[in-house]
Structure formats: C-alpha cells, structure tokens
Amino acid sequence: MAMRQTPLTCSGHTRPVVDLAFSGITAYGYFLISACKDGKPMLRQGDTGDWIGTFLGHKGAVWGATLNKEATKAATAAADFTAKVWDAVTGDELLTLAHKHIVKSVNFTQDSNYLLTGGHDKVLRIYDLNKPEAEPQEISGHTSAIKKALWCNNDKQILSAADDKTVRLWDRSSMEVVKTLPFDASVSSMEYIPDGEVLVLSYGKTVAFYNALSLELIKTVDVPASVHSASLHPEKDFFVVGGDDFKLYKYDYSTKEELESYKGHFGPVHCVRFSPDGELYASGSEDGTLRLWQTAVGKTYGLWKCVLPEELVSENSDALYSTAPEIKA
Amino acid sequence: MKTPVCVLRLPRGPDGTSRGFDPSSARYQALCPSTISASGPVDCVDLRSEQRARSFLRERYLRSLIAMVKRDVKFTMYEKVKVDAVFAGSDIDILNFQVEDLETPLGVQKEALIRCPDVICYSFEIDSNL
C-alpha cells in the first residue's frame with residue numbers, strides 16, 4: 001500500500017538555513033550540522049533530527065558548515081570574516097581563523113588535519129590544524145567570490161566553484177589549476193562523492209554529473225525549477241533536488257525519471273543532502289527549518305514507523321502516536 | 001487515498017536554556033578527556049604511566065564483574081540496607097546491576113535491578129580453584 005511521506009521538521013533556527021552537512025557513520029550514529037543566517041549553527045543527531053547543541057561564537061550569518069568524518073570536529077564559515085573550528089562533542093570553540101572577507105565554505109581532509117576555506121576574497125586557503133598560528137597556504141585564480149571548495153581525489157586535489165561561473169580543479173602539491181569548467185550561469189551547488197568519484201553540480205534549472213577526476217560530463221538532467229542544491233544517493237540510485245519553487249524532487253539517477261516531489265517548505269530550498277546511509281535526505285530552507293525526508297517512504301527508520309494496515313484500524317491504535325516504550329534497564 | 005507514514009514523535013528542538021552538548025550523553029562520556037584530572041603535576045611521561053595504571057585497574061575491575069556472575073554477592077547500601085543476591089550482570093556505564101533472588105525483608109525478589117549509586121560496597125567470594 002503506497003504511503004504518503006511524512007517529513008520531520010527540525011525547528012530552532014530563526015533565520016534561513018543556507019547550508020547543511022552530514023558526518024560519516026560513527027559508533028554513535030551520524031550527525032548533521034546546519035548553517036544559518038542567525039549566526040548559530042546547530043548540531044543534530046542525523047537519523048532523528050534531535051538537537052544536540054548550538055555552536056555559539058560567530059558574530060554574523062554562518063554561510064557554510066561541515067563536520068569531519070568522525071563527527072568530533074566541526075567547522076563553520078561566516079560573514080564575520082572568520083572560519084571557526086569547533087569540538088563537536090563539547091561544543092567548545094577550538095580555533096578562529098581570520099580572513100579578509102566573508103567566508104563561504106569550509107571542508108576537512110579525511111584525516112581532519114587540514115581545513116580548506118573559500119569565500120569572497122577569491123582565495124582558497126589551506127590551514128594546518130596542528131599548526132594554526134602558521135600562515136595558511138593560499139591558492140589564487142578565481143576572479144569572483146568562491147561559493148564552495150572541496151577536497152577530492154584522496155585530498156590530493158581541490159574542487160572549487162565560484163561566482164565567476166567556473167568550477168576549477170587544483171592540484172594540492174603544485175597549487176596549480178589542473179582543469180577549468182566554464183558555465184553560462186553561476187554554479188549554485190557542488191557535491192563530491194568519493195566512492196565512484198562523482199561530482200554533482202547544479203546551475204540554472206540543470207543538475208549535472210561529472211567524473212570528479214577527469215571533469216568529463218556524465219549526464220545532465222533538467223528540472224522544473226531553478227535549482228539551489230542537489231545531492232546524489234550514496235548508492236547512486238537516486239538524486240534529490242531543491243530550489244526556488246519550495247519543493248523537493250527525487251529522481252532516478254539511471255533513467256533521469258522524476259519519481260517523487262514534495263511540498264512542505266514555506267520558502268526556497270537552499271540545501272539538500274543525503275545521509276551517509278542513504279536512508280533519508282535533509283533539506284534546509286529560507287523558512288528557517290530543516291526537514292528530514294525518507295528515501296523509502298513507509299520504512300521503519302529513525303522516528304518513522306512502518307504500521308501495517310490492520311494496526312491502523314484496530315482498537316489498540318494507541319501505539320501509533322505515543323512515544324515508543326523506552327526500555328530502561 | 002494515501003495514508004501518511006506514522007512517526008513516533010517529532011525531533012527534539014533546542015531546550016532554550018543551554019547551548020546543549022549534554023555532558024551526560026554516552027558520546028560525551030566516551031570521547032571527552034576524563035574529568036578526573038591527573039593526580040600529580042601533568043607531564044607527558046607521568047600521564048602515560050598514570051593512564052597505563054588506569055587501564056590496568058579498569059580491566060581488572062571489569063574482569064571482577066565477569067567473575068561475579070552467578071555468584072552470591074552481599075551488598076551494603078545506604079539507609080543501613082544489607083542484602084544478598086545472585087549477580088547477573090551490569091550495564092555498560094556501571095550504573096545498574098542486574099541481580100537474581102534478591103533477599104529483601106519483603107521476601108525474595110526473583111529478578112531485580114540495583115542502582116549502583118545506592119551501593120556503598122559489595123563483596124563476594126571467588127573460587128580459589130579458578
């Protein structure tokens with residue numbers, strides 16, 4: 001029996017949510033960090049959306065946020081011209097990295113030893129987190145504000161997208177550009193999938209998939225509205241898209257067929273990301289909320305419970321909406 | 001008409017009073033440096049040997065719990081309570097002990113949970129043949 005998707009709304013932010021990122025899968029599950037214009041990025045449990053804590057310290061809108069794989073460290077990029085590194089377990093601020101303009105993007109290497117930043121001063125910076133007082137390595141080249149910068153190819157290369165309508169691939173050791181992809185419009189989002197080396201880009205009303213090593217185009221898909229963000233499922237079965245029309249769209253990656261679409265947000269969707277296990281995807285919107293959506297609608301996972309038709313009409317339906325009995329040892 | 005998927009509850013939001021990062025959460029307890037500070041002046045070598053000693057003691061304690069399973073244990077608790085029971089197991093944080101045949105003034109409780117913070121001390125005999 002087909003079921004209707006019930007998104008889980010995570011409240012708490014008071015301004016638009018502009019970026020979100022998941023950690024890897026840890027012994028304590030996986031985690032989600034959200035960047036918000038209210039300057040207070042939040043950490044949540046990834047599979048339930050439960051709030052864990054708020055990173056307090058930024059003095060301006062937070063434009064980018066990320067977690068390291070183990071979810072022990074967080075990094076944020078803000079309009080106060082700083083990027084900050086945080087202890088994601090205690091919520092304490094570990095480092096403040098001063099920049100010369102608004103910082104938009106932050107990304108950890110796999111070993112969490114280096115942080116890549118990019119922003120309005122058009123320069124990519126690599127900070128050694130074990131030597132934070134040392135000057136960062138700088139890579140120049142972009143002619144406009146950098147929107148997103150990501151490590152790729154086992155942290156040997158860097159991918160960056162900027163308002164100069166280019167996506168560039170850089171070599172980390174030589175600090176030189178390897179390849180430049182020009183576009184007709186500004187790239188609105190970029191996602192890198194290490195397993196399979198896929199680069200997901202969005203611009204205008206198009207989602208494009210590239211080979212992340214060669215930057216060769218794999219395929220493009222046109223969608224009904226201006227795309228702000230797109231994310232590919234870890235198993236590459238589906239991809240999800242969010243944009244200007246407030247809706248979330250789910251597509252089949254192989255056939256490019258639109259499978260599902262959901263209304264729910266009260267404002268444009270700025271960011272979407274699949275969870276590391278692919279069981280759900282999170283969306284952040286201008287309306288200040290994050291919503292969690294099931295990939296397989298109706299499956300029991302996190303806070304969603306699969307209820308058989310007989311249970312729905314039975315007299316004992318009090319199990320449906322009440323909290324699951326918590327077994328305290 | 002499609003039925004909406006049921007949810008157990010809504011995601012919990014900020015509590016409004018603190019910035020979160022609950023120090024009593026399992027992850028915090030496991031990943032944060034111990035709140036028990038080093039016993040002497042902190043220096044690398046001392047810390048390492050102290051940590052080695054801590055590990056040794058903890059492992060010995062955990063093995064003592066394993067040795068205690070199915071044995072008679074005498075618990076001395078607050079409010080002048082002294083009870084006997086057969087130890088069955090402990091939870092991962094050593095906050096609760098599961099016991100069987102707990103001898104109470106109200107009779108023998110077949111299965112019970114004893115809160116460790118309520119226990120002052122406990123003792124049991126180990127087989128000298130082990």
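**Conventions.** I number residues from 1 along each chain as its sequence is written, and chains are lettered from A and ligands numbered from 1 in the order in which they are written. In this predicted model local features need pLDDT of at least 70, side-chain atom pairs count only at pLDDT 80 or more, and totals for chains, interfaces and linings use all residues, while side-chain values use heavy atoms, with hydrogens and water left out.

**Entry 1: an open sheet.** I looked up the sheet of 4 strands in chain A, whose order is β19-β20-β21-β22 with antiparallel pairing. Strands here are DSSP runs of E with at least two residues, helices are runs of H or I with at least four, and both are numbered from the N terminus; two strands pair if DSSP finds at least two bridges between them. At the edges I found β19 (187-193) and β22 (217-222) of chain A, each pairing on one side only. Neighbouring strands of this sheet are turned by 15 degrees against each other on average, direction ignored; the axes are lines fitted to C-alpha atoms, for helices over the stretch in contact, and angles run from 0 to 180 degrees between N-to-C directions. Between β19(A) and β20 (residues 198-203) of chain A I noted 6 bridges in the antiparallel sense, and Val187(A) has Tyr203(A) as its bridge partner in β20(A).

**Entry 2: strand β16.** Is β16 (residues 157-162) of chain A mostly covered or uncovered? It is mostly covered, with 6 of its 6 residues buried; buried means under 20% relative accessible area, exposed over 50%, and partly exposed in between (1.4 Å probe, protein chains only). One side of β16(A) carries Gln157(A), Leu159(A) and Ala161(A), the other Ile158(A), Ser160(A) and Ala162(A), and all are buried. Side chains alternate between the two faces of the sheet in a regular strand.

I then followed the pairing of β16(A). It is joined to β15 (residues 146-152) of chain A by 6 bridges, antiparallel, with Ile158(A) as the partner of Trp151(A). The hairpin of β15(A) and β16(A) has 4 residues between the strands, and Asn153(A) there takes a positive phi near 50 degrees. To β17 (residues 166-171) of chain A there are 5 bridges, also antiparallel, and Ser160(A) is partnered by Arg168(A). In the hairpin of β16(A) and β17(A), with 3 residues between the strands, Lys165(A) takes a positive phi near 65 degrees.

**Entry 3: the largest pocket.** I recorded a volume of about 1,100 Å³. Of the 42 lining residues, the closest to the centre are Phe22(A), Ser23(A), Tyr192(A), Ile193(A) and Pro194(A). A pocket is an open set of points on a 1 Å grid over the protein atoms alone, where a 1.4 Å probe fits, with protein on both sides within 12 Å along at least five of seven lines; lining residues have an atom within 4 Å of a point. The volume is the space filled by probe spheres set on the points, which are joined across faces, edges and corners. β15(A) gives the most to this lining, with 5 residues.

**Entry 4: chain B.** I counted 2 helices and 7 strands, in the pattern β-β-α-α-β-β-β-β-β. Of its 130 residues, 22% are buried.

**Entry 5: Ala74(A).** This residue lies in β8 (residues 73-78) of chain A and is buried, with a relative accessible area of 0%. Ala74(A) and Asp87(A) are 13 residues apart in sequence and 6.3 Å apart in space, C-alpha to C-alpha.
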